[in-house]
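Biologist: Could you walk me through this model before I set anything up with it?
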Amino acid sequence: MYGWSQRLEIVLKNYETYNSDVKNNLAFRQRTGTISRKDYWELFPDIKEAYLADISDEEIPLFVRNIEDQKDGEPVGSYLADMTAGKFYEYCAIGYKANQYEHLEGLTAKEQYYKKADGRDEGLAELNTDSAEEFEAWYNDGHRGGGHPWEVCRGGNSPHIDLYVRHNENGFFLSVRGKAWTRSIEAIKFYNALRAEGVAVYLHDAKGITDRLLGSDRLGIVPEHVIPSYCEAWFPGMDILDFMNLPYEQDEYELMLPKITWLEEQEQKLLKKIC
């Protein structure tokens, strides 16, 4: 089988047969494909167990029912006529409580936020917690920017949870974002808790998160030289949330191969023959 350095040599010396050679001989570790999460979890049940460890059997169907109510990208629940910093902190605290985060006992909702959130709040802390007028002025301040006031559970570029305050013609509502594999269970708990509160709330990437939770989606497999993150462009027209390289352990590798659907390699063309 051929690796990347050999592929370049082939395409330069014998470009007429290069595409068929790649199709027939490209090493599996250099290919792109998908595997159903259901199959993956059946092969490696410990991974499924670890992912679902912090969510109960009752929370899963509740979440699925809640998502079924979310139609056409619209939030579900009662819109708010106004919003204050204090109300925002309280909604954060509802999500924190649902996740049973440690070391928040005895803290006010605002103190909880500043213990868990990113901290770059763009001046949110300076607002009167009870003033709708101050919050609205802050919210609509076009000069505000550069911070992460909605990052209510801090993390890296992807592994964090956002709770946004949004506004449309109906009033204020909330939206939860947290699709990362390592944080999506927390996002689900945030969403379920806010739905129970009755406030209008929307979950980003709801279908993908639901399919992942139920094991009904597919994992994207990328070549070994590709870091398995932000790989959506490798799977055009497909909704893939999670990516991976083939495992290096030979027994795991051999278990997975029969379950993988490989994507067609892009056909390569030369503008002119290289002599």
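Modeller: What follows goes from the whole chain down to a few single residues. This is a predicted model, in which local features need pLDDT of at least 70 and side-chain atom pairs count only at pLDDT 80 or more, while totals for chains, interfaces and linings use all residues. Residues are numbered from 1 along each chain as its sequence is written, and side-chain values use heavy atoms, with hydrogens and water left out.

Biologist: How many helices and strands does the protein have?
Modeller: The protein has eleven helices and eight strands, where helices (H or I, at least four residues) and strands (E, at least two) are DSSP runs numbered from the N terminus.

Biologist: And what is the radius of gyration?
Modeller: The protein has 24 Å, whereas a compact globule of 275 residues would have a value near 19 Å; the radius is taken over C-alpha atoms, and the globule rule is 2.2 Å times the number of residues to the power 0.38. Along the principal axes, the C-alpha trace spans about 75 × 45 × 35 Å.

Biologist: What share of the residues is buried?
Modeller: Buried residues make up 45% of the 275, with buried meaning under 20% relative accessible area, exposed over 50%, and partly exposed in between (1.4 Å probe, protein chains only).

Biologist: Switching to details, where is His204, and is His204 buried or exposed?
Modeller: His204 lies in the loop between β5 and α10, and His204 is classed as buried because its relative accessible area is 17%.

Biologist: What about the phi of Asp205?
Modeller: Phi of Asp205 is near 55°, a positive value in a residue other than glycine. Most residues other than glycine have a negative phi. Asp205 is found in the loop between β5 (201-203) and α10 (206-214), and Asp205 counts as partly exposed because its relative accessible area is 30%.

Biologist: Where is Tyr230, and what is the phi of Tyr230?
Modeller: Tyr230 sits in the loop between β6 (218-221) and β7 (243-244), with a positive phi near 55°, and Tyr230 counts as exposed at 54% relative accessibility.

Biologist: Back to α10, what covers the buried residues of α10?
Modeller: The cover includes α3 (37-43), α4 (45-51), α5 (59-68), α9 (184-197) and β5, and the buried residues of α10 are Ala206, Ile209, Thr210, Asp211, Arg212 and Leu213. Just after α10, Gly215 takes a positive phi of about 70°.

Biologist: Last one, is Ile221 buried or exposed?
Modeller: Ile221, in strand β6, counts as buried at 1% relative accessibility. The C-alpha atoms of Ile221 and Gln30 are separated by 9.7 Å, although the two residues are 191 residues apart along the chain. Beyond neighbours within four places in sequence, the contacts of Ile221 include Thr32, Ile35, Phe235 and Met256.

How values were computed. Contact means heavy atoms within 4.5 Å.
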